[in-house]
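Have the sequence and the 3D view at hand as you read.

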Amino acid sequence: MNKRVKTEVLIINSKKPDDVIIERASSLIRSGEIVAFPTETVYGLGANALDPLAISKIYQIKGRPSDNPLIVHIGDLNMLSGLISTISPREMRMIKKFWPGPITLIFKKSKSVPKITTGGLGTVAVRMPRNKIALALIKRSGLPIAAPSANLSGKPSPTNASHVKEDLDGKVKLILDGGRTEIGIESTVIDMTPRIPVILRPGGISKERIEDEIGEVRFHDTLLGIRSKSKKINKSPGMKYRHYSPNARVVIVEGSKTRAEEKIIELTKKLKDDGKRVSIMTASRSLKPNADSVQFLGNNLDTIARNLFANLRKADKDHIDVIVVQGINYNNTGFAIMNRLKKAADQIIKV
Ligand code: TXA
Ligand code: MG
C-alpha cells in the first residue's frame, strides 16, 4: 500500500491564474510529482510526460491498466516538435483550426516520448488545452504534461475539484480548483495517421466540424456498434474498458419520445415496487415519472454535456439504486453524450 499524502486544494482564478500558485504547481511537476488541474473539458491528473517514474505514479493512483495510453498536453507548438516525428499539411490544418481546444490528435511518436506514456504504442496523443490554468501550468513547467482524466479508473470524469477530491483524496498532493469545467465531456480523440483519419472517441469537437475543415473522416467501427473480428479492435485501448460508471445501475431507454416515456414510467413503477431507489435523467420536460428524483439533463446539447458527469455522480450521493436515462438524439455533441452514457450503462432498452 502507498503512503497517504495530505491533499491540498488551492482555489485559482481561471481567467487570471495566480502566478504564485502556478509556480507551486509547476515545481511539483518539475520534481516528478502529480498535480490535478482543470482543463476546458474535464479535470486532468498531470505529470511530466517525459519522466517514466512520474508517469507510473499516474497509472498507480488511478488504478489504470498500463496499456491504456495517456494524452500529452502542450502549451505551444515548440513542445509538439519534440514529441512527434513528422507533421503533415492536414495535421497542420487541424492544429490551426482547433488548438487550443478540446481535440486530441494522434501522431507517430518521436523517440523522446517514453513507452509508458503511450501504453507501449508507437503513436502519441497530443492536445493543447484552452483553459488558462492548464496552459499556464504547462508553460511554467516548461514540460509537456501527460494527463488522463482525474478520476479513479471506471468512474465518471471529474468536472469540478470536489469530484477529484472524492476520488483521489490522500493520493495526490495538490488539486488546483479552477471551478466547474466549461465543456464537461472529454476531448475528441482522432487518429491522424491513416489515409482517412479515424475518430476513436467522440467529444468536444464534432465529426461535422472536423469534416468542414479537412474533408472525410470516419468513426471507428466500435463507436458505430460494429464488432470487429480483428484483434486490432482496440485501436484506442481505452475503448475496451467499462467507463464513467456510478455505483448505481444505469439503464438507457431509447426510442420515439412517446414510447420511450411510456416505457420509463412503466419501468420506474416496477423498480419502485421492487423497493429500489430510482432516479430519472431526461431532457424532456413532459416526462413526470413517480421516481425518487428526476434530473433534468438540460435544454441544449452544450448544457447536457456540461452537467452529464456531475449528474451521474449526484445519483450516488443520493443513494440511488437505478438511474434510468432517456436517450437523446445522436446529432453533433449528442453522439459524444450517448457514447459516454452507453459506456456507463448496464442495460440499453430500445422501444
Ligand atoms: O479532455 C480530455 O481529453 C481529458 C483532459 C484531461 O485533457 N483527458 C482524458 O484522458 O480524457 P483519458 O486518459 O481519460 O483518455 C484518453 C483517451 C483514452 O481513451 C486513450 O485510450 C486514448 O485517449 N489514447 C491516448 N493515446 C492514444 C494513442 N496513442 N492511440 C490511441 N488512443 C490513445
Ligand atoms: Mg478518462
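The protein chain has 10 helices and 16 strands, where helices (H or I, at least four residues) and strands (E, at least two) are DSSP runs numbered from the N terminus. Its radius of gyration is 20 Å, close to the 20 Å that the globule rule gives for 351 residues, so the chain is as compact as a globular protein of that length. That radius is taken over C-alpha atoms, and the globule rule is 2.2 Å times the number of residues to the power 0.38.

A word on the model itself. This is a predicted model, in which local features need pLDDT of at least 70 and side-chain atom pairs count only at pLDDT 80 or more, while totals for chains, interfaces and linings use all residues. Residues are numbered from 1 along each chain as its sequence is written, chains are lettered from A and ligands numbered from 1 in the order in which they are written, and side-chain values use heavy atoms, with hydrogens and water left out.

Along its principal axes, the C-alpha trace spans about 60 × 50 × 35 Å. Of the 351 residues, 54% count as buried, meaning under 20% relative accessible area (1.4 Å probe, protein chains only).

Now to the ligand. Of the 28 residues around ligand 1, Thr41, Arg64, Asn68, His73 and Ser187 come nearest; a residue belongs here if one of its heavy atoms lies within 4 Å of the ligand. The table lists polar contacts, that is, pairs of N or O atoms within 3.5 Å.

| Side chain | Ligand 1 atom | Distance |
|---|---|---|
| His73 | oxygen | 2.6 Å |
| Thr123 | nitrogen | 3.0 Å |
| Ser187 | oxygen | 2.5 Å |

Taken alone, ligand 1 exposes 680 Å², and the protein buries 96% of that; these areas come from the Shrake-Rupley method with a 1.4 Å probe. Strand 3 (43-48), strand 4 (71-73), strand 6 (123-127) and strand 10 (198-201) each supply at least two residues of the shell, and strand 6 gives the largest share, 3 residues.

Finally, look at Thr118, which sits in the loop between strand 5 (103-108) and strand 6. Is Thr118 buried or exposed? At 1% relative accessibility, Thr118 counts as buried. A polar atom of the Thr118 side chain lies 2.8 Å from the backbone oxygen of Leu121. Leaving aside residues up to four places away in sequence, Thr118 touches Pro69, Lys109, Val113, Thr123 and Val124, with contact meaning heavy atoms within 4.5 Å.

Key
A polar contact is a pair of N or O atoms within 3.5 Å; within protein, one must be able to donate a hydrogen and the other to accept it, and residues adjacent in sequence count only if both atoms are side-chain atoms. Buried means under 20% relative accessible area, exposed over 50%, partly exposed in between (1.4 Å probe, protein chains only).
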